[in-house]
Amino acid sequence: MAQQIQVIDVTGWFVDDTHGIFPIGARDKQMLWSPETAIPGIKPNWPYLFKCSRTAYPDQFWMECIAYLLGNELGFDVPKALPARMTDAEGHVVCAALIEWFYNPKTQSFAHAADYFQNLIDDFDNDKGTKHNLTDLKTICQEFDSLIGIEQPWQHWLTQLLLFDTLIGNTDRHQENWGIIFNSGLSSKVLLSPLYDNGTSLGHERFPAKVANWPEPRLESYIQSGEHHLRLDNLNPDNRLNHLESIRMLLNESAENQAYIRQLMQTDFTALLAKLAYLCEIELEIPLSKQRFDWICRLLLCRQKLICELLTS
Ligand SMILES: Nc1ncnc2c1ncn2[C@@H]1O[C@H](COP(=O)(O)OP(=O)(O)OP(=O)(O)O)[C@@H](O)[C@H]1O
Ligand SMILES: [Mg+2]
């Protein structure tokens, strides 16, 4: 297990000149630059996203941090996300996730997948993303791969995306929550983005006291109804790809997928989660409550069980 994470105080960090107040997305966030001085766990002089929770779910930023820790342990490419605080000019403390920038803005650029869906589909509605779909995602990846090359094998990247989002119950991997990273220099290959924006997951929208007594069948049906943002194709925009159905699909697709998913599901999730229990002890104005953590553990263990059942069915 990697070192235990700590709260980062970003008071006084430089706000980026052009992206100080971040225009994209649904919640308050700022692009900040870390100082030159060494701070454990922080890259010096590197951009970070200071991303607040939605008002209705004040502890949501913890989901970004937990998704990062889980992803990191399981070998998924998830940008580092740490709990953070900032004291504003009036002395109010704001808590948020501090998320490491996943590309170097001085030498690389980033385009949302939305740009390519808009090229491909004339009436693509970027607000709702109703035509954000798996078939066209594959076309976009194939085109990039054959025209310029993609640094990682895109099929495995896609398997990881679907598996990670199913594991954490992420319903929000829309066309602005993945994309393409370009290196400077026309001939260099592109990169598919890491799995960022993971806050709409881990049952964050449920209040722990209300779900603590859910019996197992209720929990299972909650998980079974979870869906990706992606549709299967653009012909049936109402038909979002069910989380567990996507795993069934991956298993039917290839022996490589089967081996990968089987190996990952052999992880001792109970032990892994026990090692994260210290998060509840971290002192912060908005702490991670034990009840919230227990709910997250229940969900993850149940998701693992349901995926394992698919492996043996
Ligand atoms: N770690 C990162 N490095 C670089 N850019 C990032 C990073 N995290 C987010 N971004 C950029 O900022 C945008 C908004 O961030 P993010 O998607 O996390 O916020 P959001 O408010 O939750 O959006 P949404 O409406 O999708 O829920 C992303 O679409 C992406 O372009
Ligand atoms: Mg987003």
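This report walks through a predicted protein model, from its overall build down to a few single residues.

## Ground rules

Since this is a predicted model, local features need pLDDT of at least 70 and side-chain atom pairs count only at pLDDT 80 or more, while totals for chains, interfaces and linings use all residues. Residues are numbered from 1 along each chain as its sequence is written, and chains are lettered from A and ligands numbered from 1 in the order in which they are written.

## The big picture

Let's start with the whole protein. It has 10 helices and 11 strands; helices (H or I, at least four residues) and strands (E, at least two) are DSSP runs, numbered from the N terminus. The radius of gyration is 20 Å, close to the 20 Å that the globule rule gives for 313 residues, so the protein is as compact as a globular protein of that length. That radius is taken over C-alpha atoms, and the globule rule is 2.2 Å times the number of residues to the power 0.38. Along its principal axes, the C-alpha trace spans about 55 × 55 × 35 Å.

Buried residues make up 34% of the 313 residues. A residue is buried if 20 or more other C-beta atoms lie within 10 Å of its own, exposed if 12 or fewer, and partly exposed in between, with C-beta atoms placed from the backbone. Now for contacts (two residues whose C-beta atoms, placed from the backbone, lie within 7 Å). Among contacts between residues at least 6 apart in sequence, 64% join residues at least 24 apart.

## Two domains

The protein splits into domain 1 (8-100) and domain 2 (108-312), with bounds that come from an automatic or database domain assignment. Their C-alpha centres lie 21 Å apart, and 24 residues of domain 1 are in contact with 24 residues of domain 2.

Which parts of domain 1 do the touching? The elements that give two or more residues to that side are α1 (61-74), β5 (81-87) and β6 (93-100), and α1 brings the largest share, 11 residues. By class, this side of domain 1 has 17 nonpolar, two polar and five charged residues. Here Ala, Val, Leu, Ile, Met, Phe, Trp, Tyr, Cys and Pro count as nonpolar, Asp, Glu, Lys and Arg as charged, and the others, Gly among them, as polar.

## A pair of crossing helices

Next, look at helix α2 (residues 113-120) and helix α3 (residues 134-147), whose axes come within 10 Å and cross at roughly 100°. The two helices are therefore roughly perpendicular to each other (a label for angles of 65 to 115 degrees; under 35 is roughly parallel, over 145 roughly antiparallel, and the rest oblique). Axes are lines fitted to C-alpha atoms, for helices over the stretch in contact, and angles run from 0 to 180 degrees between N-to-C directions.

Where they meet, Ala113, Tyr116, Phe117 and Leu120 in α2 touch Asp136, Thr139 and Ile140 in α3. These contact residues divide into five nonpolar, one polar and one charged.

## Residues worth a look

His132 sits in the loop between α2 and α3. His132 is buried, with 28 other C-beta atoms within 10 Å. Not counting residues up to four places away in sequence, His132 touches Phe117, His174, Gln175, His229, Leu230 and Arg231.

Most residues other than glycine have a negative phi. Asn45, however, has a positive phi near 50°, and Leu202 has one near 55°. Asn45 counts as exposed, with 11 C-beta neighbours inside 10 Å, whereas Leu202 is buried, with 27 other C-beta atoms within 10 Å.
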